[in-house]
Amino acid sequence: MGEERQEGGRTVREYELVARDAEVEVAPGVFYPAWTFDGQVPGPTLRAREGDRVRVTFKNEGTHPHTIHFHGIHAANMDGTFEIVGPGQEYVYEFDAEPFGMHLYHCHTTPLRKHIEKGLYGVFIIDPKEGRPPADEMVMVMNGFDTNFDAENEVYTVNGVAFHYQRHPVEIKKGELVRVYLANFTEFDLINSMHIHANFFDYYPTGTRLEPTEYTDTKMLAQGERGIMEFAYGRAGSFMFHAHVNEFAELGWLGFFKVEE
Ligand SMILES: [Cu+2]
């Protein structure tokens, strides 16, 4: 949760994010020339507690101008839309963490589509003051990669690598509460979706309320939409999860939960 320090009686969480160009491996042997935060797509997950002060030092070591636009409530000059940070420059974003929920950050330099499709995005979680019940937690960012530069995605993933969780299933314990912070950063396609097999989940849109609004097994998200899923598996075994947009599943957005006794 960043570098934690106390300043004038309150908690400050400091992060540093560095934009840089990097080749990322989006499927075994398939490399994509990305623009990244800290060399990875999606970028590192930032996390704070409601009411913390958040300070993010942004360094642009890339070849293009960038910013960081945080979803949240903050001052105009902390919004990452006007203060463009050129290569070799840096900028410090500082704001109070509000409201609690499952949020995003991404570059907001024009042409915006280009800066998103290249990979400059990540997740920003603000925990409620009182916290959430203990759970086995993970972030899943749904995205795609246009590996032949034809303005369509050839590869779809959760967390940046096609079929990663098919080769390396997510291990969870039978009966244990699992909490997935789910976000859609897919460019070019208007929607993406998440379906889990042989189970249902509680869904909290944007995570900004403590009561779920839905109990379902499939959730469709538009670009920039996100939410929190909670579920537990009552039986051991392998269970698939994937985009219910079948084309995306076949091109990489598919994985397994391995539920153990
Ligand atoms: Cu950018």
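Strand β6 and strand β8 (residues 101-106) pair in the antiparallel sense, and two bridges join them; two strands count as paired if DSSP finds at least two bridges between them, and strands (E, at least two residues) and helices (H or I, at least four) are DSSP runs, numbered from the N terminus. Within this pair, Phe-70 has Tyr-105 of β8 as its bridge partner. Both strands belong to an open sheet of four strands with mixed pairing, whose order is β4-β9-β8-β6. Because β4 (46-49) and β6 (69-70) stand at the edges with a single partner strand each, one side of each is left without a neighbour in the sheet.

This is a predicted model, in which local features need pLDDT of at least 70 and side-chain atom pairs count only at pLDDT 80 or more, while totals for chains, interfaces and linings use all residues. Residues are numbered from 1 along each chain as its sequence is written.

Strand β1 (residues 3-7) lies largely in the open, because the number of buried residues among its five is zero; a residue is buried if 20 or more other C-beta atoms, placed from the backbone, lie within 10 Å of its own, exposed if 12 or fewer, and partly exposed in between.

Taken as a whole, the protein chain has three helices and 20 strands, and 39% of its 261 residues count as buried.
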